[in-house]
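Please look over the sequence and the structure shown below. The report that follows takes up strand pairing, helix packing and a few backbone details in turn.

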Amino acid sequence: MDIRYMKKAIALAKRATGRTSPNPLVGAVVVRKGEIVGTGYHHKSGEPHAEIIALERAGDLSRGAELYVNLEPCNHRGQTPPCTEAIIKAGIKRVFIAIRDPNPLVNGKGIAKLRENGIEVYEGLLKEEAFKINEIFFKYIHSKLPFVALKTAISIDGRIATKAGESRWITGEKARRHGHTLRNIHDAILVGIGTVKRDNPRLTCRLPGKKVRNPIRIILDSKLSIDYDARVFDSYISAPIIIATTNQAPLHKLEQIQKKAKVLVINEGLQVDLSILLRRLGEMEITSILVEGGSRINGSFLAANLVDKYYCYISPIIIGGDGAPGAFGGEGIRALTSASKLMDVFVKHLGEDLLITGYLKKQH
């Protein structure tokens with residue numbers, strides 16, 4: 001057992017971050033007599049799994065070798081054949097697994113199959129790191145709901161805009177670029193109709209390079225009041241648009257907008273029910289959402305206890321003013337004991353700005 005090889009497997013898996021949905025990130029390393037003889041990682045859904053690629057690269061050197069993989073190998077036939085069969089056929093002697101696959105089709109079955117065929121299996125090597133890189137996959141498998149990340153850019157006094165509504169740009173270039181990396185790795189980005197009307201954004205990922213992927217654009221629009229000529233509808237952008245609305249949407253407008261976007265009538269009432277929306281999106285195999293809303297949208301997600309991870313970019317500027325909006329709107333709380341709390345907090349410098357990342361402790 002050597003931790004270096006599992007670190008290598010995890011590093012390989014992370015190369016495909018944001019590209020394998022709804023599948024997990026998986027990397028594999030074949031080691032023979034202390035030397036790496038084959039490596040691989042899962043590139044995208046429908047393509048060969050990490051173990052298959054690593055074993056093919058190792059060839060005959062796989063016989064009697066060890067395999068390091070960050071997630072339990074599958075033992076069922078999906079879009080690709082079972083990885084356990086390939087591992088057994090290759091003559092692997094030992095398999096080191098960081099963490100079990102929570103998918104009921106796999107959970108423990110892959111390990112059992114390997115052991116039944118005389119292969120030694122060891123679990124738990126770098127388990128926490130393995131869970132972290134697949135936090136989206138684990139949430140989705142357990143709940144069938146998307147992992148919700150919420151991003152805000154605020155001044156040092158907690159404002160997201162001036163009282164006149166100006167918000168471009170609160171943070172500097174490095175922070176904005178990092179924000180676009182988040183768009184690049186999440187399945188979808190979600191905003192409210194207020195953001196669309198105020199900024200008329202395209203909601204694309206503006207990063208250099210050919211491997212950039214635009215997320216699915218989700219717009220909350222309870223009355224379906226979006227402008228038919230909004231820039232988000234620009235035809236050259238290769239990413240779907242989903243508009244979540246209510247039964248208040250006029251029928252003629254719904255028929256019109258359906259020519260350019262998928263419209264989901266979520267519920268009756270004045271606002272889109274976010275819990276129902278997330279269930280619908282989960283059914284569509286959307287596994288992760290980046291919320292880039294304004295004060296009201298952010299407050300709604302927070303109040304509904306739906307935020308998993310929070311990215312807060314803080315600029316060293318002071319905006320001030322009673323009319324300048326904060327990051328989270330809504331009714332708020334009366335007692336500090338009811339405040340939402342961040343766990344596993346990480347702080348990073350991005351130029352002159354700070355990025356604070358943490359996980360929202362779920363309220364019961």
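In this predicted model, strand β6 (residues 147–155) and strand β12 (residues 309–315) pair in the parallel sense over seven bridges, and within this pairing K151 has Y311 of β12 as its bridge partner. Helix α6 (residues 135–143) lies across β6, β11 (288–291), β12 and β14 (353–360), and the direction in which α6 runs is at about 130° to β6. Helix α11 (residues 295–303) packs on the sheet as well, where α11 touches β6, β7 (188–192), β8 (216–220), β11 and β14, and its direction makes about 135° with that of β6.

The sheet to which these strands belong is open and has nine strands, in the order β10-β9-β8-β7-β11-β6-β12-β14-β13, with mixed pairing. Its edges are formed by β10 (262–267) and β13 (342–350), each of which pairs on one side only, and from one strand to the next the twist averages 20°.

A further contact joins two helices. The axes of α2 (residues 50–58) and α3 (residues 83–90) come within 9 Å and cross at roughly 20°; because angles under 35 degrees count as roughly parallel, α2 and α3 are described as roughly parallel to each other. The crossing in which α2 passes α3 is left-handed. On the α2 side, E51, I52 and L55 take part, and they meet C83, A86, I87 and A90 in α3. Sorted by class, this contact of α2 with α3 has six nonpolar residues, no polar residues and one charged residue.

Some backbone details also deserve attention, since most residues other than glycine have a negative phi, and most peptide bonds are trans. The peptide bond from S21 to P22 is cis, with omega near 5°, and P22 has its place in the loop between α1 (3–14) and β1 (27–32).

| Residue | Loop | Relative accessibility |
|---|---|---|
| L126 | between β5 (120–123) and α5 (127–133) | 13% |
| L224 | between β8 and β9 (241–246) | 2% |

Because buried means under 20% relative accessible area, L126 at 13% counts as buried, and L224 at 2% is buried too.

Key
Residues are numbered from 1 along each chain as its sequence is written. This is a predicted model: local features need pLDDT of at least 70, side-chain atom pairs count only at pLDDT 80 or more; totals for chains, interfaces and linings use all residues. Side-chain values use heavy atoms; hydrogens and water are left out. Axes are lines fitted to C-alpha atoms, for helices over the stretch in contact, and angles run from 0 to 180 degrees between N-to-C directions. Helices (H or I, at least four residues) and strands (E, at least two) are DSSP runs, numbered from the N terminus. Angles under 35 degrees count as roughly parallel, over 145 as roughly antiparallel, 65 to 115 as roughly perpendicular and the rest as oblique. A crossing is left-handed if the near helix is turned anticlockwise from the far one by less than a right angle, and right-handed if clockwise. Contact means heavy atoms within 4.5 Å. Ala, Val, Leu, Ile, Met, Phe, Trp, Tyr, Cys and Pro count as nonpolar, Asp, Glu, Lys and Arg as charged, and the others, Gly among them, as polar. Two strands pair if DSSP finds at least two bridges between them. Buried means under 20% relative accessible area, exposed over 50%, partly exposed in between (1.4 Å probe, protein chains only).
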